[in-house]
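Please look over the points below with the coordinates open. They concern backbone geometry first, then strand pairing.

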Amino acid sequence: MPQFFSNKRLILLLVGMIFLVALISFSLRDRDHASVPEQLVKDVVGFGQSIFSKPTHYVTGVFNNVESLLNTYDENKRLKARLEDYATLQANVNDLEIQNKELRKIVDIKEDLRAYDPIQSTVIARNPDQWEEKIMIDKGKIHGVKVNMAVMTAQGLIGKVTLTTPYTSTVELLSTQNPNYRVSAVIAGEEEVFGLIEGYDEKRKELILKRIDSEFEVKKGQKVTTSGLGGIFPKGILIGEVTEVTTDDYGLTKLAYVKPAASFSILDHVIISKRSISVIDGTDGKNTEKDLTKGAGDGS
C-alpha cells in the first residue's frame, strides 16, 4: 500500500479520472443550459467558424448572384417572346368576340351553351370517408343554387351539385366512383370529337373518356372540355388533357385517359355555374342510364 500511494503518476491519473467523471456528471445534470467550459468551447469554436464562414458565404453569394443574373436575362427573353404572342392572341380573341356578337345579332341568337352566371362559394366540409368524392359548400337554395349545377375552380371542372339545403350544398366530384356519373365532353382539335367522361381511375388519378368514335384520331396532349350538350354543364369548361388513347373492351370505340385540370384534393374556393339557358336532365344528369340503354341521345 505505501508503494501504491507513493506512485505520483497513478495518483494523478486517479484524480484526473475523478475530475473528468465529475465534470461529465455536472454537464449532464442540466442540458437546458451549457456549462461554463462548454460555453467557453462553443464560443471559441463559433468565433473560429465565423472567421472562415463569412468569406465563404460572401464568395458563394457572388457566384449565386451572377448565376441568377444570367438566368434572369434568359427568362426575360422568354417572357418578352411570350408577351408578344399573348398580345397577338389577345387581339385575335377580341376580334373574334366582336365578330361573334355581331353574328349573333344578325341571326338573333339570344341563348348560348357557354353562358352562365358564376356563384362564388367556399368549401366548408369534407367527409374523410368520401374525401375524393364529395365536398360541402357554403351556398344553398337561398343563394340560387340548384341540383345539377356545374361546379368548377379556376383550373377547370370539378363536379356538380347533388344536394341542396337553404344554406349549404353537396357537390359530387368527378373523381367519384358512382357508375351513373357522366359528363358529355368534347376533345378540342381541327374537328371536335365527342365522348363521355365515365369513371375515374384511382391508380392513375385520371378520368376515363369513353365512347369516342374510332374514326376520329385522338392524340396525347389534346384538351378535353365540356360539350354543353349533356343538359347541365355549360360548354367550354376545361376538364383536362388526354394522356393516353386506347380501345374499349370490345374494340368498337376508343377510350382515352384524361388528366384532370383541377385538383380534387385541395379545394378551398369553387365557382357554381348558374346556366343561362334552360337545364334539362340529359347525359350529365340522372337520366343518363335510361338514355344510353335505349341508345338514344347520348348527349354528344
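1. Asn148 is buried, with a relative accessible area of 13%. That places Asn148 under the 20% cut-off, which means the label "buried" applies. Keep in mind throughout that this is a predicted model.

2. Where is Asn148 found? The residue sits in the loop between β2 (134-137) and β3 (150-152). Its backbone deserves a look as well: Asn148 has a positive phi of about 80°, although it is not a glycine. As background, most residues other than glycine have a negative phi.

3. Arg211 also calls for a check. This residue is not a glycine, yet its phi is positive, at about 60°. Arg211 belongs to a strand, β8 (residues 206-213).

4. Is Arg211 buried, partly exposed or exposed? Its relative accessible area is 41%, so Arg211 counts as partly exposed.

5. Strand β8 pairs with β7 (residues 193-201) in the antiparallel sense, over four bridges. For Leu196, the bridge partner in β8 is Lys210.

6. Which strands make up the barrel, and in what order? Six strands close it, running β6-β7-β8-β11-β10-β9, with antiparallel pairing. From one strand to the next, the twist averages 45°. In general, strands of a sheet pair through backbone hydrogen bonds.

Definitions and conventions: Residues numbered from 1 in each chain as written. Predicted model: local features only at pLDDT ≥ 70, side-chain atom pairs only at ≥ 80, totals over all residues. Heavy atoms only, no water. Helix = DSSP H or I, 4+ residues; strand = E, 2+ residues; numbered from the N terminus. Buried < 20%, exposed > 50% of the residue type's maximum accessible area, 1.4 Å probe, protein only. Pairing = 2+ DSSP bridges. Axes fitted to C-alpha atoms, helices over the stretch in contact; angles between N-to-C directions.
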